Amino acid sequence: HYPLRRQRQMCIRDSHNNDLEITLTSILKIEKFEPTPFYGIVITCKNVRKVRLVWALHNERKNFLYQLSLCAPHNLDDLFAFAHKQAQVIDSSSGWGIYSPFDEYSRQGALNSGWRISTVNEKYEVIPTYPSHIVVPSRLDDATLREVAKFRSKERLPVLAWRSMLGVALCRCSQPNVGTFQKRSPEDERYLEILAHMGEGKIYVLDARSRVNALANTHLLGKGFEKVGQNNFYKSAVLKFLNMENCHVIRNSWLKLQDLCIARSEKRYDYDASSEESLLFEDDWFYQVHLTGWFHHLCQLLKGTLEIVNIMTNEQCNVLVHCSDGWDRTPQLTSLSMILMDPYYRSIHGFQILVEKEWVSFGHRFARRHGYYWPLKESSQSPIFFQFIECVWHIFNQFPNEFEFNETFLLFIAEHLYNCVFGNFLCDSEYEKSQFDIENRTVSLWSVVNSSIKSGLQTYKNIFYKPRDITLVPLVDMRIMKLWEGYYFRWDKKVLKEHTKRNKSLIKLTSNNNKLV
């Protein structure tokens, strides 16, 4: 065994010369155990993986842990992606620079329809966690934008995320700084009035939080939510709460689910598959999965998404989405809504644009949420982006013909959230990304995908893809929610073998049906 200190990757070679590689950023915890007469450790990873290592001598284990401690990344420059760049031969030009705000918002028809690209944040001084170019109503000048930013948490003012071909707008921001004494901002109120009258004269403000949690932010943090209605400050706004939990609750739920999945993989080898003990274990296991609350959180997210879609498609009203700071639940809701309403984002290229725009450029805290280096607090870690990916997988299962990409594509993205091989998800903002020169020093995740497609490979393509220009409305019910076996059990050889066999059978069956047609 030997940790690679400069590359922040651990490679372990057993007595049969088999290599096991683990990037250090994917390690959640390391625990000692002593299976007499040996000395061992258990490495639990953030990607539902558990590895046991055993030594004959105590000093060997002690030396290994010491060497491992020397390799722990302490800042962004220590991450594996920078070393990986040196050994990579893939043309990275096919991955970086795929997203252009001008091209994307022009595609939506926004820039000639009452919206403009503002450079008020060109140097990241007004809104450090926002992109340098934002799309706002043409009627608002940059001086007004600066005043609005002062009234929003982390200065994250309302901006356009997406516009339908009928002109209905989906906007995003953070909570207002109203506080206990109900502070006001004439500029912020005017901004929402403009957004309302750019549509049907009414704007829906969808707060991802529960009313109770939003009130807590009002009294404890000096923030809160909009006072809406004819007799209040935001006269043309309608406020709805979506009752989604915060990142801490999501983290605890996911950790419980991970533990259960690892336990199931280990227990699977203790019983005969048809034995009574095995059946009892399986029944209890599924009940324990229900108790984690993970499916409940997925359903709440999807229900919130459908609320946005319903308002925009049926009422033709503009929507403004926010949570607390607008970088966790907000991009989940906007991204999923855009996937349901715009078939472009269901293509491989469109999905890449969506991730780069809604998550990377608008400052999802990838480093903090995934705990890439010490001393990032464990309490700030949460699988927010992965939760979005899993929801896409659930929608994909209900509409398998509407997506150009397949499950392998989603698994590829999910796998590289924690191992830091690529540079896309290393930073917490576009500003930080530019400061560390990420595009020149690392390889883009999309380079692998796009190079594969360019060479004619079908690795990430859905062979059943038959797109239609329709809005998708998935069924959201906990009773039909399935566990994503392809992800949670991808380290279990038995399940992986069964999963691969089912996929091959399905592809063969479809191929035969197409020949008959």
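This is a predicted model: local features need pLDDT of at least 70, side-chain atom pairs count only at pLDDT 80 or more; totals for chains, interfaces and linings use all residues.
Colleague: Where does Q332 sit, and is Q332 buried or exposed?

Modeller: Start with the relative accessible area: under 20% we call a residue buried. Q332 comes out at 1%, so it is buried. As for its place in the fold, Q332 belongs to helix α10, which covers residues 329-341.

Colleague: Which residues is Q332 in contact with, leaving aside its neighbours within four places in sequence?

Modeller: For contacts, look for heavy atoms within 4.5 Å. That gives M244, L301, W359, I384, Q387 and F388 for Q332.

Colleague: Now the cavities. How many are there of 30 Å³ or more?

Modeller: A cavity is space where a probe fits but cannot get out. Here the count is four.

Colleague: Which residues line the largest cavity, and which helix gives the most?

Modeller: Its lining includes K46, R251, W254, R369, E378 and Y418. Helix α7 (residues 247-267) gives the most, with four residues. By type, the lining splits into five nonpolar, three polar and four charged.

Colleague: And what lines the second largest cavity?

Modeller: It has 13 lining residues, with M244, E245, I250, H297 and Q387 nearest its centre. Helices α7, α9, α10 and α13 each give two or more residues, and α9 gives the most, with three.

Terms used:
Residues are numbered from 1 along each chain as its sequence is written. Side-chain values use heavy atoms; hydrogens and water are left out. Buried means under 20% relative accessible area, exposed over 50%, partly exposed in between (1.4 Å probe, protein chains only). On a 1 Å grid over the protein atoms alone, a cavity is a set of points where a 1.4 Å probe fits but cannot get out, and a pocket is an open set with protein on both sides within 12 Å along at least five of seven lines; lining residues have an atom within 4 Å of a point. Grid points are joined across faces, edges and corners, and a volume is the space filled by probe spheres set on the points. Ala, Val, Leu, Ile, Met, Phe, Trp, Tyr, Cys and Pro count as nonpolar, Asp, Glu, Lys and Arg as charged, and the others, Gly among them, as polar.
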